[in-house]
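Here is a short briefing to read with the sequence and the 3D view side by side. Take a look at the model, then follow the notes by topic.

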Amino acid sequence: LGGAAGGAPRAPELIGKPHRGASSQDTPRRPSSDILPQTPAMYPATAGTAQPLDNLQKIRNALRHVCLAGRVNEPELLEVTKKLSQHVAGSGGCLHYVLLVRDLQCPLFRGLYHWGSETTLLKLHGPGPQLLRPALVRTYLKYDSARKQFQAVSTSVFDVMVDAVVAVPRKNPSPGAMLF
């Protein structure tokens, strides 16, 4: 027999019954579909819960705290978040967004992308290329909100855990061209 929250053992006839005088008619059980929001795209259910396919808050935090941090980057941050909000409002469903950054040690913003397909990212904003494919990506990154930094992920495809990518540098850029 297990103990109650206060440490005192509970009588066997009370185990599994509602607390504080509530009966099963007073608190009907809702199916789990009523509790979780219905979204068009979901992660596979793990441990009985489904999570929406949406990294919007992580992307906003990464932009604000790492990629476009500081007052000098404030105009660019406002422009990028405006584009992001417009795309979210127009898309109608949960989407996964990916940032293009210069490199892992200095993750400067180079582009904001969304999934076009399983193998292609389409640009929403920034100086990066219009399309990103796995062949153009050197490193896949995940944003750690607690540490406010990116961490490398061992994958070679665009996955739901990928929040940012580092592109393969261009060879022989034209004079004055911006490298990723």
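In what order do the elements of the chain run from the N terminus on? They run α-α-α-β-β-β-β-β-β-β, which comes to 3 helices and 7 strands. Helices (H or I, at least four residues) and strands (E, at least two) are DSSP runs, numbered from the N terminus.

This is a predicted model, in which local features need pLDDT of at least 70, side-chain atom pairs count only at pLDDT 80 or more, and totals for chains, interfaces and linings use all residues. Residues are numbered from 1 along each chain as its sequence is written, and side-chain values use heavy atoms, with hydrogens and water left out.

**Confidence**

- The mean pLDDT (the predictor's confidence in each residue, from 0 to 100) of the chain is 77, and 64% of its residues reach 70 or more.
- Over residues 14-19 pLDDT stays under 50, and the model has 6 contacts (heavy atoms within 4.5 Å) beyond four places in sequence for them.
- Residues 26-50 also have pLDDT under 50, with 21 contacts beyond four places in sequence.

**The chain as a whole**

- Of the 180 residues in the chain, 29% are buried; buried means under 20% relative accessible area, exposed over 50%, and partly exposed in between (1.4 Å probe, protein chains only).
- Among contacts with a separation of 6 or more, 51% join residues 24 or more positions apart.
- The chain exposes about 11,400 Å², and carbon and sulfur atoms supply 54% of that area. Accessible areas come from the Shrake-Rupley method with a 1.4 Å probe; for residues, only the protein chains shown count as cover.

**Helix H3**

- H3 covers residues 74-91, 18 residues in total, and reaches 25 Å from its first C-alpha to its last. That is close to the 26 Å expected at 1.5 Å a residue, where the expected span is 1.5 Å times one less than the number of residues.
- Leu-77, Val-80, Leu-84 and His-87 are the buried residues of H3. They sit on the same side of H3 because they cover an arc of only 100° around the axis, taken from the directions from the helix axis to the C-beta atoms.
- An α-helix has 3.6 residues a turn, so residues three or four places apart point the same way.
- These buried residues of H3 pack against helix H2 (56-67) and strands E1 (97-101), E2 (109-115) and E3 (121-125).
- On the face turned away from the buried side, H3 carries the exposed residues Pro-75, Leu-78, Lys-82, Ala-89 and Gly-90.

**Strand pairing**

- E2 and E3 pair (DSSP finds at least two bridges between them) in the antiparallel sense over 4 bridges. Tyr-113 has Lys-123 as its bridge partner in E3, and a hairpin of 5 residues joins E2 to E3.
- E3 also pairs in the antiparallel sense with strand E4 (residues 131-132), over 2 bridges. There, Leu-122 has Leu-131 in E4 as its bridge partner.
- Gly-126 takes a positive phi near 120° in the hairpin of E3 and E4, which has 5 residues between the strands.

**Two loop residues**

- Lys-148 is found in the loop between strand E5 (137-144) and strand E6 (149-153). Its phi is positive, about 55°, although Lys-148 is not a glycine, and its relative accessible area is 44%, so Lys-148 is partly exposed.
- Arg-133 lies in the loop between E4 and E5 and is partly exposed, with a relative accessible area of 43%. Leaving aside neighbours within four places in sequence, Arg-133 is in contact with Thr-119, Thr-120 and Phe-158.
- The C-alpha atoms of Arg-133 and Leu-121 are separated by 6.6 Å, with the two residues 12 apart along the chain.
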